[in-house]
Amino acid sequence: MSERSMLIGKAYNSLDTQRRVIIPKNMRTQLGNQAVLTRGLDGGIFLLPESYWQTLVNNLTQQPFTKKGSRDFWRYLSNDAYPVEPDSLGRITVPESLAEAAQLNKDVVVIGSLQYIEIWDRDRYHSYLDQLAE
């Protein structure tokens, strides 16, 4: 992903019975063919372009290994990280552990968050937005 391109917008979608979700074409173009799916920080899951994942890993590994907080954050992101590639229909499969962690049900929202994509349960996302508005 170039410095000028960014992932923006949102799309409402469904998680099928095999936990697949379609990534909108405009976002797939920015995402590229290889990405990493991992736990999010506020309630959803992150879908990061491979290049952004590598930048994040490089930044994280600059943090002192001797600090428990650093190790905990590495674990949080890496223990449930999965390489993914959209299929010919633009779908990715969400592993069960991530679907459970983000409480993903049938209705989801796919959100461009500048450098990465977030996938949220639709109701949980709107509750989160309502809290932000207060």
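Which residue is the bridge partner of phenylalanine 46 in S8? The partner is glutamate 118.

## Basis of the model

This is a predicted model, in which local features need pLDDT of at least 70 and side-chain atom pairs count only at pLDDT 80 or more, while totals for chains, interfaces and linings use all residues. Residues are numbered from 1 along each chain as its sequence is written, and side-chain values use heavy atoms, with hydrogens and water left out.

## The sheet

Six strands make up an open sheet, ordered S1-S7-S8-S4-S3-S5, with antiparallel pairing. Strand S1 (10–14) and S5 are the edge strands; each has a single partner strand, so one side of each lacks a neighbour in the sheet. On average, neighbouring strands of this sheet are turned by 25° against each other, direction ignored. Strands (E, at least two residues) and helices (H or I, at least four residues) are DSSP runs numbered from the N terminus, and two strands pair if DSSP finds at least two bridges between them. In general, strands of a sheet pair through backbone hydrogen bonds, either parallel or antiparallel.

## Strands S3 and S4

S3 (residues 35–39) and S4 (residues 45–49) run antiparallel and are joined by five bridges. Threonine 38 has phenylalanine 46 as its bridge partner in S4, and valine 36 stands opposite leucine 48. The two strands form a hairpin with five residues between them, and glycine 43 in the turn has a positive phi of about 140°. S3 also pairs with strand S5 (residues 82–84), antiparallel and through three bridges; here leucine 37 has tyrosine 82 as its bridge partner. S4 in turn pairs with S8 in the antiparallel sense over three bridges.

Burial is defined by relative accessible area: buried is under 20%, exposed is over 50%, and partly exposed lies in between (1.4 Å probe, protein chains only). In S3, four of the five residues are buried. In S4, five of the five residues are buried, so the strand is largely enclosed by the rest of the structure. Ile45, Leu47 and Pro49 are buried on one side of S4, and Phe46 and Leu48 on the other.

## Helices on the sheet

Helix H2 (residues 50–60) lies across S3 and S4, at about 105° to S4. Helix H5 (residues 122–133) packs on the sheet and touches S1, S7 and S8, its direction making about 105° with that of S8. Contact means heavy atoms within 4.5 Å; the angles run from 0 to 180 degrees between N-to-C directions, with axes fitted to C-alpha atoms, for helices over the stretch in contact.

## Salt bridges

The structure holds five salt bridges, each defined as a side-chain nitrogen of Lys or Arg within 4 Å of a carboxyl oxygen of Asp or Glu. One of them links aspartate 16 to arginine 20, with the closest N and O atoms 2.7 Å apart. Aspartate 16 is partly exposed at 26% relative accessibility, and arginine 20 is partly exposed at 21%.

In helix H3 (residues 68–78), aspartate 72 and lysine 68 lie four residues apart, about one turn of the helix, and their side chains meet in a salt bridge (2.8 Å, N to O). Aspartate 72 also forms a salt bridge with arginine 75, the closest N and O atoms being 3.2 Å apart. Salt bridges with shared partners join Lys68, Asp72 and Arg75 into one network. Lysine 68 is exposed, with a relative accessible area of 52%, whereas aspartate 72 is partly exposed at 32% and arginine 75 is partly exposed at 42%.
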